[in-house]
Amino acid sequence: MTGIFILYLPRQSFLCYNCVKVERKLANQTISVHRRKYAIGLFWQPVTPGNTGRSLAWRLSRSVDGHYGLYTEYKQMVGLGMRRTGQKTGMPSAAAEVSEALAEHSSFLAVFSVNGGFYMVAVRNGIILVDKFFDRESDARAKYTKMSQMPDWGAFIAPSKWGMPRAVERELDDVITGRAHAILRSINLTNSIILSVLLVVLFVIGFIFIYRDSGIKSMSVRPDMQQIDPIKAEEYQRQVAEKNKELDEQFQIEKKSEPDPIVPPYDLLPDVAARAEICYRAMGFLMQPISGWTQVSVKCDETHATVNVRRTYGTIGDFYTIATELMPGAFVKELSEDTLTIRAKLPKLDASPSRDERDADTVVRDVMTAFQSIDTPVDIQTVVDTVSNGVETQVYDVVEVAASSKLTPMQFMQIFDNFGGVYMTNCDWNASNRTWNYEVIIYAK
């Protein structure tokens, strides 16, 4: 592998230890990401047929806990929150943000290491099961271990120092992007009803006053128009016009902006070959040999390439000296005195629309046929990808493919040359058995 491959990391990536801050109050259920507060620890329930999100939230608050005064809607779920835990109207949900970022997986188990503790989000078949912050690492790890024993998880995210099978490590500030639009709102309509009643009463009183005043004036002796000074009359009309204009500007109601149109996820797919090559080059860029350190594994996800190395006889000082020259722009994280993680951000690829014209069942059958023809085992399942702009929701059929192979990414992705809507979400190299593991999705019609 030759040539120069330049990678860079955003400035905040070097400050990741401080870029996610958890409020330390005991009863506080908020978390700060990118200087914006998010609600955590919400009580999530699916919306049953025949119910609206607000009506279900109101009934749950009455039956479960009367302190639940806030709710949010995300996909086909409602999440309940409390003001006394620091949550407020207008505050977005962190669990919804994580679910939106990992929407390609209908089920996933994720734990993020943040300053002072661990934040867990578990989603099962599109339903949020766990939305919780743990102060103690032992509690978070025990909960993760117990839940990981459930079958059919689509993805695992956990701190790499835990050594959990199939788990990858991701930073919470890289996951949360502000696209879920799951905002907390008040469940109680009492304040709105009182305000509406007051406005109606004020309108009636004003109408009676104006009518009464007009009636009195109509019965009074009207002055002779010829006796009115035209200059004073003109000045009065000018003052009235200015006052009306001032009132119009004061009480003008700003129209609510229309939500952004939903962009289908298959409209933003990179070229399949380019995506495979950029991952291969990025992983090779990070796997350059450093004396005294052994490469354990390397992976390429949607935004970064990451390699894990373990010390044999080298020193951390020597590692930094050599790595700075070989891998400029890469970010090093010390997991322990003997284990390091090196991460580099992938360059952004041009996107274009692509979608397979076959239905999901046909795509599953044709993918199985393609892998059987090369005698390679494969795991295939069909899931639903739900995209919402806060007003309307669109659902897309997605075929998930997972396989292990000796083929490089460019060679492996040639298996999908006859398919549209293809995206490689993840690939990793296991140095111990010298095998590639791939995860690919296909958007079906």
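**Reading a hairpin and a helix**

User: Which residue of β20 stands opposite D379?

Analyst: A402 in β20 stands opposite D379. This is a predicted model, in which local features need pLDDT of at least 70, side-chain atom pairs count only at pLDDT 80 or more, and totals for chains, interfaces and linings use all residues. Residues are numbered from 1 along each chain as its sequence is written, and side-chain values use heavy atoms, with hydrogens and water left out.

User: How many bridges join β19 and β20?

Analyst: Strands (E, at least two residues) and helices (H or I, at least four) are DSSP runs, numbered from the N terminus. Two strands pair if DSSP finds at least two bridges between them. Here β19 (residues 379-388) and β20 (residues 393-405) pair in the antiparallel sense over ten bridges. They form a hairpin with four residues between the strands, and G390 in that turn has a positive phi of about 95 degrees.

User: Which residues of α4 are buried?

Analyst: In an α-helix there are 3.6 residues a turn, so residues three or four places apart point the same way. Buried means under 20% relative accessible area (exposed is over 50%, partly exposed in between; 1.4 Å probe, protein chains only). In α4 the buried residues are A140, Y144 and M147. They cover an arc of only 70 degrees around the axis (taken from the directions from the helix axis to the C-beta atoms), which puts them on the same side of α4.

User: What covers the buried residues of α4?

Analyst: Their cover includes β7 (108-114), β8 (117-124), β9 (127-134), β10 (155-157) and β11 (167-168), where contact means heavy atoms within 4.5 Å.
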